[in-house]
Amino acid sequence: MNSVAFGWSRIDREGQFTLQGDEYRLPAAAGDITPQSIVADAADQQIQPQLMVYALDGNGELTKVLSDKSLRQKSIEGITAAVTEHGFGGVVLDFEGLGFKLDAVEQQKLLNAYVKQLKSSLPQDTALSLAVPPLNSAYKGYDYKTLASIADDLIIMAYQYNPVGTKSQVPEPNSLVDQAIQLAIQAGVPKNKLLLGISLSSETPSSVDDKLGLAKRYDLKGAAFWRLGLFRSYNTKMEDAVNASVIKE
């Protein structure tokens, strides 16, 4: 890995940026191990530590933030302060659900404006990535080309294609993942700004090579995994499979 995103923050259901909560929060300190020391340890290993900011538009809460000047400014100030205080080298926005119920074009404009404002507010040299649903999904509120022109890269979350209720470790269809990559490129995103998102809960040690093979075939910037804890679910078999595919002797 050359970067890792810590899932410690979100835009909550009231439209407020927070580092506290049941799902996404700063971990409690354990002796000398603190959030700051964890971030610093990653940086010391030349692994860029990034703050992931999760938000969902399930009940319109994300749209509310994007369209309200005060809430928008407050969340951006909160993200910027968290980056500075905890020593993050980048931010990953995981803003999900846009363009499903509401007008997709309007949703795209709102997100573009937010990302542009955030980028200009972050400390200099802070990386900005966006985790976005694939263009062959039901969520159409993402203007890939414009987002890529502002951000350092886009992570295509090319998963959850299988029907709801499908058991874990059922690999995502290679054909749809392939199509998601092609659509992103056709939308005008440079290959060197695309990361293929891979959900390890769907894949197996044998199938993950297929997904990494697609990233190689299209000469993408790289791949991103959701999530690190799942590497150990297979008694190192998943980690070994990934290493065999990506590490050059």
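## Close-up legends for a predicted model

**View A: Y218 sits in the loop that runs from α7 to β8.** Helices (H or I, at least four residues) and strands (E, at least two) are DSSP runs, numbered from the N terminus. This is a predicted model, in which local features need pLDDT of at least 70 and side-chain atom pairs count only at pLDDT 80 or more, while totals for chains, interfaces and linings use all residues. Residues are numbered from 1 along each chain as its sequence is written, and side-chain values use heavy atoms, with hydrogens and water left out. Y218 is buried, at a relative accessible area of 15%; buried means under 20% relative accessible area, exposed over 50%, and partly exposed in between (1.4 Å probe, protein chains only). Setting aside residues up to four places away in sequence, Y218 touches D178, I181, Q182, I185 and K191, where contact means heavy atoms within 4.5 Å. With one of these residues, Q182, Y218 makes a side-chain polar contact of 3.2 Å. A polar contact is a pair of N or O atoms within 3.5 Å; within protein, one must be able to donate a hydrogen and the other to accept it, and residues adjacent in sequence count only if both atoms are side-chain atoms.

**View B: Helix α7 (residues 208-217) has V208, K211, L212, L214 and A215 as its buried residues.** They lie on the same side of α7, because they cover an arc of only 150° around the axis. That arc is taken from the directions from the helix axis to the C-beta atoms. As background, an α-helix has 3.6 residues a turn, so residues three or four places apart point the same way. What do the buried residues of α7 pack against? Their partners are α6 (174-186), β7 (194-199), β8 (222-226) and α8 (237-246). After α7 comes D219, which has a positive phi, near 55°.

View C: A polar atom of the S9 side chain lies 2.8 Å from the backbone oxygen of M52. Beyond its neighbours within four places in sequence, S9 is in contact with several residues, including F17, L19, Y24, L51 and Y54.

**View D: D12 is buried yet has no salt bridge.** A salt bridge is a side-chain nitrogen of Lys or Arg within 4 Å of a carboxyl oxygen of Asp or Glu. You will find D12 in the loop between β1 (3-11) and β2 (17-18). Which side chain of opposite charge is nearest to D12? It is R10, 6.5 Å away; Lys and Arg count as positive and Asp and Glu as negative, with His and the chain ends not counted.

**View E: E23 and R10 form a salt bridge, with their closest N and O atoms 2.8 Å apart.** E23 is in the loop between β2 and α1 (35-44) and R10 in strand β1, 13 residues apart, and the pair links distant parts of the chain. R10 is buried, with a relative accessible area of 6%.

**View F: K221 and D153 meet through their side chains in a salt bridge of 2.9 Å, N to O.** K221 lies in the loop between α7 and β8 and D153 in strand β6 (residues 153-157), so this pair ties together parts that are 68 residues apart in sequence. K221 is partly exposed, at 44% relative accessible area, whereas D153 counts as buried at 6% relative accessibility.

**View G: D178 and R217 form a salt bridge, the closest N and O atoms being 3.1 Å apart.** With D178 in helix α6 and R217 in helix α7, the pair ties together parts that are 39 residues apart in sequence. D178 is buried, with a relative accessible area of 13%, and R217 counts as exposed at 57% relative accessibility. Elsewhere, salt bridges that share partners join R10, R13 and E23 into one network. How many salt bridges does a search of the whole structure find? The search finds 7.

**View H: For orientation, the protein has 8 helices and 8 strands.** Of its 249 residues, 49% are buried. The C-alpha trace spans about 50 × 50 × 35 Å along its principal axes.
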